[in-house]
Amino acid sequence: MAYLSPEYDYLFKVVLVGDVSVGKSSMIRGITQHIGFPPGPPVISNIGIDFAIRSFQVDDKVAKLQIWDTAGHERFRTMHAAYYRGCSGLLLLYDISNELSFTHLSRWLDEVKEHSTENVQIMVLGNKCDLVESRQVSTERGRMFAEEHGLKFMETNVVTGENVEKAFLILTRDMRCIADTLSNRNEPEQENQGQDTDINSTTNSCSVT
């Protein structure tokens, strides 16, 4: 994480993690285009690293995010350690219509904790929540997994963009809070005042907790 530029106040590295085809590439494209990824031909699975930039206004500050999409294929997992370095935030994704992608969350989380710092902010996202008929992972199970590991949880839909922007904003606020606390340990409480996002207030059909 770096501070200060004519264009931004914070620079954060964010990494999207999860199995192949959980929607990481679609999410990174959607968030940088400010829209949900439109319906159409399936996105070709990423075979390396996709990179994008997006800035967020957080209260009176601007945070610039470098968003990295790691490939979900097993054969590329040896590459991931290098991309966790200097990471301030992680979005841990699974597909609510794919039980196996949810089962693998524990393995991904172990890898994340092994290669990232203790101050990294992590959020669990149950993606493709529009696939109601083919849902294999209940909202409650996703929420319970996040709670067991002390993480925030949200269900998202990259097709419509539902909760995607909100997830990135919440993560950005959390990263800023940690950055400010670390830079001024004498006043950690002040950095939290007025910055909490009520992530339970959403009226969207996808779950947030």
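Phe168 touches Leu16, Met27, Ile31, Phe56, Leu65, Ile67 and Leu91, leaving out residues up to four places away in sequence, where contact means heavy atoms within 4.5 Å. The model is a predicted one, in which local features need pLDDT of at least 70 and side-chain atom pairs count only at pLDDT 80 or more, while totals for chains, interfaces and linings use all residues. Residues are numbered from 1 along each chain as its sequence is written, and side-chain values use heavy atoms, with hydrogens and water left out.

**The nonpolar cores**

- Phe168 belongs to the largest nonpolar core, which has 26 residues, and is one of the members that touch the most other members, together with Leu16, Met27, Leu65, Leu91 and Leu125.
- A nonpolar core is a set of buried Ala, Val, Leu, Ile, Met, Phe, Trp, Tyr and Cys residues joined through side-chain atoms within 4.5 Å, and buried means under 20% relative accessible area, exposed over 50%, and partly exposed in between, with a 1.4 Å probe and protein chains only.
- Two or more residues of this core come from each of β2 (10–17), α1 (24–33), β3 (49–58), β4 (61–70), β5 (89–95), β6 (121–127) and α6 (164–183), and the largest share, seven residues, is supplied by α6.
- Another core lies apart from this one and has 22 residues, among them Val15, Trp68, Leu109 and Phe145.

**The chain as a whole**

- The protein chain has six helices and seven strands, counted as DSSP runs numbered from the N terminus (helices are H or I with at least four residues, strands are E with at least two).
- Along the sequence, these elements follow the pattern β-β-α-β-β-α-β-α-α-β-α-β-α.
- Of the 209 residues in the protein chain, 50% count as buried, and among contacts between residues at least 6 apart in sequence, 72% join residues at least 24 apart.

**Strands β6 and β7**

- Strand β7 (residues 152–155) runs parallel to β6 and is joined to β6 by four bridges, whereas two strands already pair if DSSP finds at least two bridges between them.
- Leu125 has Met154 in β7 as its bridge partner.

**Ser116**

- Ser116 sits in the loop between α4 (105–115) and β6, and counts as buried because its relative accessible area is 13%.
- Leaving aside neighbours within four places in sequence, Ser116 is in contact with Tyr84 and Leu90.
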